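Subject: Structure for your attention, with notes

Dear colleague,

My notes on it follow directly after.

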Amino acid sequence: MLIGKDTRRSGYMIETALVAGFTSMGMDVLLTGPIPTPAVGMLTRSMRANLGVMIAASHNPFDDNGIKLFGPDGFKLSDEVEQQIETLMDSNLTKQLAKSGDLGRAKRMDGVQDRYIEFAKRTLPRNLSLEGLRVVIDCANGAGYRVAPEALRELDAEVIAIGIEPNGVNINREYGSTEPTVLRQKVKEMRADVGIALDGDADRVLIVDERGDIVDGDQLLAVIAESWQADGRLAKLGIVATEMSNLRLERYLGNLGLALVRMPVGYVLAHMRSHGYNLGGEPSGHIILSDHTTTGDGLLAALQVLAVVKKQQQPISKVCHRFDPLPQVLKNVRCKDGKSLESAKVRNAIKDGEARLDGHGRLVVRPSGTEPVIRVMGEGDDKVLVEEIVDGIVNALTEAA
């Protein structure tokens, strides 16, 4: 078994519990320490482990935590297998415990950060250098705080690193892809060419251009898709994205002769694997480059974009502005589960909103996969109208919750 983690203080407690559980069953455990989620998938496969575990809560605040499970192929376990594990957790496993002489062993691994850095660098052409680019990298005081700045330095970029002082409780706090204010200020202060923000477990990325403006995952998908199409690397002449991706991304790709396949959040990778796509993602910056990795990888996605910047010799503001996004409003309603969506008042609010948009926009209302919230997203030509519709649905959900 291989266990990685982000920088949350509770990770030590969960790591110790997992080690005790695995070794009590006679399994050997390798501990990596803080490392990005995609590195756990990569190492699980390359080291031929039976299982990889990442202890992290992604972009969530530090008091949340959880685990992500990877199979021996480096891909996350299916929902069905995870359900079987949950069932086993509620059963009596006493008979499966190892005898004293058969207990497993646990040891810390050395050099895992270096392995991941080399892996990230190999996703670019050997002769490509980032020399001349001044890059501010924000690591969210999270799992990428060591590897991301070093990878950029080894590619010859001038690196200003922030969010690299984790203390166990400051992950994603005022830094990272969900809190880009400090990064935007730093880019302008340092007159940097680009800012890169990872989230707590480094599987997401957000870009800031030289003017301090934010570039979201939809624009990054467009940049990578167009570049890969030109190089003959884009499989299936299309990409897979979530229902949250902007409608104008779909139109932009269509003008390039590329298709955009929409899937619910959580099913993008499964569709990519079953239908042969090699690029997918979502506006949050969770971008999957399946030629290289088995899950979203913020650093790898950023490197692909920087490679385009070097090739075109244009500023980020030009390279990463592929289309003008349709006005979009996204709000969250806290609730324990998704049952509020079954309320007649909520259903009527959604139906009324769709009628008011009259084909000039769309609505997406769904529970979050990572937080106890329901997300309400609306987009359309008339932003004021979209805001009114979203607020109406939010109010209905709040009452139902």
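In which loop is asparagine 172 found? Asparagine 172 is in the loop between strand E7 (158–162) and helix H6 (181–190); helices (H or I, at least four residues) and strands (E, at least two) are DSSP runs, numbered from the N terminus.

Two remarks on the source come before the rest. The model is predicted, so local features need pLDDT of at least 70 and side-chain atom pairs count only at pLDDT 80 or more, while totals for chains, interfaces and linings use all residues. Residues are numbered from 1 along each chain as its sequence is written, and side-chain values use heavy atoms, with hydrogens and water left out.

Although asparagine 172 is not a glycine, its phi is positive, at about 65°. Asparagine 172 has a relative accessible area of 8% and is therefore buried (buried means under 20% relative accessible area, exposed over 50%, partly exposed in between, with a 1.4 Å probe and protein chains only). Asparagine 141 also has a positive phi, near 50°, in a residue other than glycine. The loop that holds asparagine 141 runs between strand E6 (134–138) and helix H5 (147–154), and asparagine 141 is buried, with a relative accessible area of 4%.

Helix H13 covers residues 383–400. The buried residues of H13 are Leu385, Val386, Ile389, Val390, Ile393, Val394, Ala396 and Leu397. Their cover includes strand E15 (328–334), helix H12 (344–357), strand E16 (361–367) and strand E17 (373–380).

Helix H7 (residues 217–230) has 14 residues and reaches 20 Å from its first C-alpha to its last, close to the 20 Å expected at 1.5 Å a residue. H7 is mostly covered, with eleven of its 14 residues buried; among them are Leu220, Leu221, Val223, Ile224 and Trp228. At the start of H7, a side-chain oxygen of aspartate 216 reaches to within 3.2 Å of the backbone nitrogen of aspartate 218. Glycine 232, which follows H7, has a positive phi, near 75°.

Individual buried residues

Lysine 5 lies in strand E1 (residues 2–5). Is lysine 5 buried or exposed? With a relative accessible area of 3%, lysine 5 is buried. A polar contact of 3.4 Å joins its side chain to that of glutamate 15 (a polar contact is a pair of N or O atoms within 3.5 Å; within protein, one must be able to donate a hydrogen and the other to accept it, and residues adjacent in sequence count only if both atoms are side-chain atoms). Leaving aside neighbours within four places in sequence, the contacts of lysine 5 (heavy atoms within 4.5 Å) include Tyr12, Glu15, Pro34, Met54 and Ala143.

Threonine 44, in helix H2 (residues 37–46), counts as buried at 0% relative accessibility. Not counting residues up to four places away in sequence, threonine 44 touches Leu2, Ala49, Leu51, Gly52, Phe70, Gly71 and Pro72.

Valine 319 is in helix H11 (residues 316–319) and is buried, with a relative accessible area of 1%. Beyond residues up to four places away in sequence, valine 319 touches Val223, Val308, Val309, Gln312 and Gln314. One of these, Val223, is among the buried residues of H7.

Isoleucine 160 is found in strand E7 and is buried, with a relative accessible area of 14%. Residues up to four places away aside, isoleucine 160 touches Arg134, Val135, Val136, Ile137, Lys186 and Met190.

The second largest pocket

The second largest pocket holds about 880 Å³ of space. The elements that give two or more residues to its lining are helix H1 (10–24), strand E4 (67–70) and helix H3 (79–89). H3 gives the most, with seven residues. The lining has 24 residues, of which Leu18, Phe22, Leu51, Ile85 and Met89 lie nearest the centre. On a 1 Å grid over the protein atoms alone, a pocket is an open set of points where a 1.4 Å probe fits, with protein on both sides within 12 Å along at least five of seven lines, and lining residues have an atom within 4 Å of a point. Grid points are joined across faces, edges and corners, and a volume is the space filled by probe spheres set on the points.

Yours sincerely

Technical notes: Expected span 1.5 Å × (residues − 1).
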